[in-house]
Amino acid sequence: MEIEVQEKEGYHIVTPVGELDVYTVPLFRKVVLKLEGDRRHDLILDLTRLTFIDSSGIGSLIEIYQKVQTVEGELAYVIDNPRILKVLRLVELNKVLRVFPNVGRALQDVGVTGGYVDEDFFSDLT
Amino acid sequence: MTKISSQTSPDSDRRLVVDLPCGKKSLSRARQKVVKFAADHGFGADAEDIALAVQEALKNIIQHACPANNNMHFECIAKSDQLIIDVTDSGSGFDTGALDADPVPPMALHGRGVQLIRGLMDNVWVTSDQEGTVVHMEKKRATG
């Protein structure tokens, strides 16, 4: 796994590339939780370049969500992969996480509206 | 180095038997084998779902039941109407009643493996005793 980090409009945008599973989660957690520990920026997790996620990867997304919640930070998830969305829906995280279809929408809306869950996006999945 | 052995049964090519070292490095290779086997036997539309379910079952072995011989084992059987997979370990077993206890809280950090398996597959049974555990999974052939 590779992890790209950039700063934009006051947000850290973290983009993991490849598979987020029990094998790669330790690196992902280390990078993201260190960034969040800095508390210099709010966070956008751009998951559009993930090819696979398992239950360990899901657990890491929840852990990051909880960490950001405790410090009242902003956090958005960018996901456009139907398979990733399907897995999140199976564990009912689509009702919890603030998911956007691209980084532009996340930057535009997350701080203004508090984010949203695109129900239409999820409802098309089988 | 990860070593994975697999074989087909002598009477047909509809069975895949895989033995692999008990470790995280084996998961990606195992998943690839399941995806290929599923696709080769007409389950391509569900191949990724099936492979994720197998990974979750294997991950439980890694986390809870790596046996003394450090071996994980699973078998896939392609039938006309469904794909059947048994993931087997020789660990000390566990109380399967715990699987049907309270549902996983939405914000729990762990414990979603079986929840995912049940969501991805059509039928799932888990049997366990002092000699080990079998996760039996079935996926019906997609129609249309």
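**Exercise 1. Surface and fold of chain A**

What is the accessible surface of chain A, and which percentage of it belongs to carbon and sulfur atoms? Then describe the order of elements in chain A.

Solution. The model is a predicted one.
- Step 1: The accessible surface of chain A is about 5,600 Å², and carbon and sulfur atoms hold 46% of it.
- Step 2: Chain A contains five helices and six strands. Read from the N terminus, the order is β-β-α-β-β-α-β-α-β-α-α.
- Step 3: Chain A has 126 residues, of which 52% count as buried.
- Step 4: Among contacts in chain A with a separation of 6 or more, 64% are between residues 24 or more positions apart.

**Exercise 2. The contact between chains A and B**

Describe the contact between chain A and chain B by area, residues and salt bridges.

Solution. 
- Step 1: The two chains bury about 1,900 Å² between them, with 62% of that on carbon and sulfur atoms.
- Step 2: Chain A contributes 22 residues to the contact and chain B contributes 22 residues.
- Step 3: Between the chains there are four salt bridges and nine residue pairs in polar contact, both residues at pLDDT 80 or more.
- Step 4: On the side of chain B that touches chain A, at least two residues come from each of α1 (25-40), α2 (47-64) and α3 (113-120) of chain B. The largest share, seven residues, is from α2(B).
- Step 5: By type, this side of chain B has eight nonpolar, six polar and eight charged residues.

**Exercise 3. A salt bridge between chains**

Locate the partners of the salt bridge between B:K59 and A:D54, and decide whether each is buried or exposed.

Solution. 
- Step 1: In this salt bridge the closest N and O atoms are 3.4 Å apart. B:K59 lies in helix α2 of chain B, while A:D54 is in the loop between β4 (50-53) and α2 of chain A.
- Step 2: B:K59 has 3% relative accessibility, so it counts as buried.
- Step 3: A:D54 has 0% relative accessibility and therefore counts as buried.
- Step 4: A network of salt bridges links A:D54, B:E56 and B:K59.

**Exercise 4. Two single residues**

Where are A:T70 and B:I84 found, and is each buried or exposed?

Solution. 
- Step 1: A:T70 is in helix α2 (residues 55-70) of chain A. Its relative accessibility is 61%, so A:T70 counts as exposed. A polar atom of the A:T70 side chain lies 2.6 Å from the backbone oxygen of A:K67.
- Step 2: B:I84 is in strand β4 (residues 82-89) of chain B. At 10% relative accessibility, B:I84 counts as buried.
- Step 3: Beyond its neighbours within four places in sequence, B:I84 has contacts that include B:E75, B:I77 and B:M137.

Key: Residues numbered from 1 in each chain as written. Chains lettered and ligands numbered in written order. Predicted model: local features only at pLDDT ≥ 70, side-chain atom pairs only at ≥ 80, totals over all residues. Heavy atoms only, no water. Helix = DSSP H or I, 4+ residues; strand = E, 2+ residues; numbered from the N terminus. Buried < 20%, exposed > 50% of the residue type's maximum accessible area, 1.4 Å probe, protein only. Contact = heavy atoms within 4.5 Å. Areas by Shrake-Rupley, 256 points an atom, 1.4 Å probe, with all protein chains shown as cover. Buried area = accessible area lost by both parts, 1.4 Å probe. Salt bridge = Lys/Arg side-chain N within 4 Å of Asp/Glu carboxyl O. Polar contact = N/O pair within 3.5 Å; in protein donor to acceptor, adjacent residues only side chain to side chain. Nonpolar A, V, L, I, M, F, W, Y, C, P; charged D, E, K, R; others polar.
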